Amino acid sequence: MNGPIELANGVYGLGSEVVNWYLVEEGGGLTAVDAGLPKFAETLEADLRAIGHSPGDVDAVVLTHSDSDHTGVAAALRDAGARVLIHSADAETLRHPGPKKGDASPPRALPQMAWRPRFWRFMGHMARAGGTKPPKVEDADTFEDGEELDVPGRPRAVHTPGHTDGQCVLLFGAARALFVGDALCTENPLTGALGPQLMPKPMNVSTAQARESLAAIERLQAGVLLPGHGAPWHGSPAAAAARARNA
Ligand SMILES: [Zn+2]
């Protein structure tokens with residue numbers, strides 16, 4: 001994905017070959033779902049112009065979680081007038097980005113990833129695009145599990161912890177689109193494996209908890225799943241969760 005691609009009515013995908021973020025249009029306003037990598041700010045105005053908008057039209061940036069490949073242009077959009085929203089359990093790591101804990105803590109995670117060429121490609125891409133120096137967001141609004149957010153598209157947030165403590169999926173009911181962040185990916189950043197699956201263990205705070213969170217995803221009704229990494233997946237959340245359990 002590069003420039004904005006219309007994936008469904010009023011739903012646009014943006015980003016790079018390894019990192020996605022999205023815009024949802026409703027009633028002349030926009031909600032950004034995630035915010036990609038910091039370097040994406042360089043094309044932000046042109047990307048918005050391509051769909052007939054300017055940065056000031058983005059009312060809200062709803063973050064699925066606080067990892068630096070999902071927060072890159074949040075501060076730029078906030079400076080243009082958007083609210084930034086995140087689950088309360090990730091508010092602290094958004095204010096103070098740093099190394100992850102648990103399965104993803106560097107001493108545990110690095111030996112499992114360092115021998116994979118794709119890991120270095122992913123990290124090189126992240127570093128070149130500013131992902132190792134994420135801009136802090138100090139003043140985000142927080143939400144809780146089950147909340148319907150008062151932003152364009154009125155998504156419902158469902159808490160699916162595991163990749164991070166505050167990772168949530170966002171259901172935009174009218175678009176029948178479920179934005180899953182990194183609760184699921186459809187292209188494994190370490191192995192390149194395709195199809196709905198959990199993120200690789202060394203990238204999750206708790207992979208066991210991420211697996212348990214599939215139960216919250218499979219209850220939702222949607223026609224397409226839009227992940228942080230990988231292509232859109234057309235099918236039900238229940239079918240995606242079943243694929244992820246067996247992957
Ligand atoms: Zn990610």
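1. Ground rules. Numbering starts from 1 along each chain, following the sequence as written. Since the model is predicted, local features need pLDDT of at least 70 and side-chain atom pairs count only at pLDDT 80 or more, while totals for chains, interfaces and linings use all residues.

2. The sheet. Seven strands make up an open, mixed sheet, ordered β1-β2-β3-β4-β5-β6-β7. At its edges sit β1 (5-8) and β7 (141-143), each pairing on one side only. From one strand to the next, the twist averages 30 degrees. On terms: strands (E, at least two residues) and helices (H or I, at least four) are DSSP runs numbered from the N terminus, and two strands pair if DSSP finds at least two bridges between them. Axes are lines fitted to C-alpha atoms, for helices over the stretch in contact, with angles from 0 to 180 degrees between N-to-C directions.

3. β1 and β2 run antiparallel and are joined by three bridges; E6 has Y12 of β2 as its bridge partner. The hairpin between these strands has two residues in the turn, and G10 takes a positive phi near 75 degrees there.

4. Why is β2 largely enclosed by the rest of the structure? Because five of the five residues in this strand (residues 11-15) are buried. Buried means 20 or more other C-beta atoms within 10 Å of the residue's own, exposed means 12 or fewer, and partly exposed is in between, with C-beta atoms placed from the backbone. V11, G13 and G15 point one way from β2, Y12 and L14 the other, and all are buried.

5. The core. The largest nonpolar core has 73 residues, and Y22, V61 and V169 have the most contacts inside it. A core here is a set of buried Ala, Val, Leu, Ile, Met, Phe, Trp, Tyr and Cys residues joined through C-beta atoms within 7 Å. Strand β9 (residues 168-172) supplies the largest share, five residues. As a general background point, nonpolar side chains tend to be buried together in soluble globular proteins.

6. V61 up close. Leaving out neighbours within four places in sequence, V61 is in contact with A32, A35, A74, L77, R78, A82 and V84. Contact means C-beta atoms, placed from the backbone, within 7 Å.

7. A75, on helix α2 (residues 74-79). Is A75 buried or exposed? A75 counts as buried, because 21 C-beta neighbours lie inside 10 Å. Beyond four places in sequence, A75 touches P135 and V137. V61 is 14 residues from A75 along the chain, with 9.4 Å between their C-alpha atoms.

8. E45, on helix α1 (residues 44-50). With 14 other C-beta atoms within 10 Å, E45 is partly exposed. E45 touches S54 and P55, again setting aside residues up to four places away in sequence. G56 lies 11 residues from E45 in sequence and 9.8 Å away, C-alpha to C-alpha.

How values were computed
Contact = placed C-beta atoms within 7 Å.
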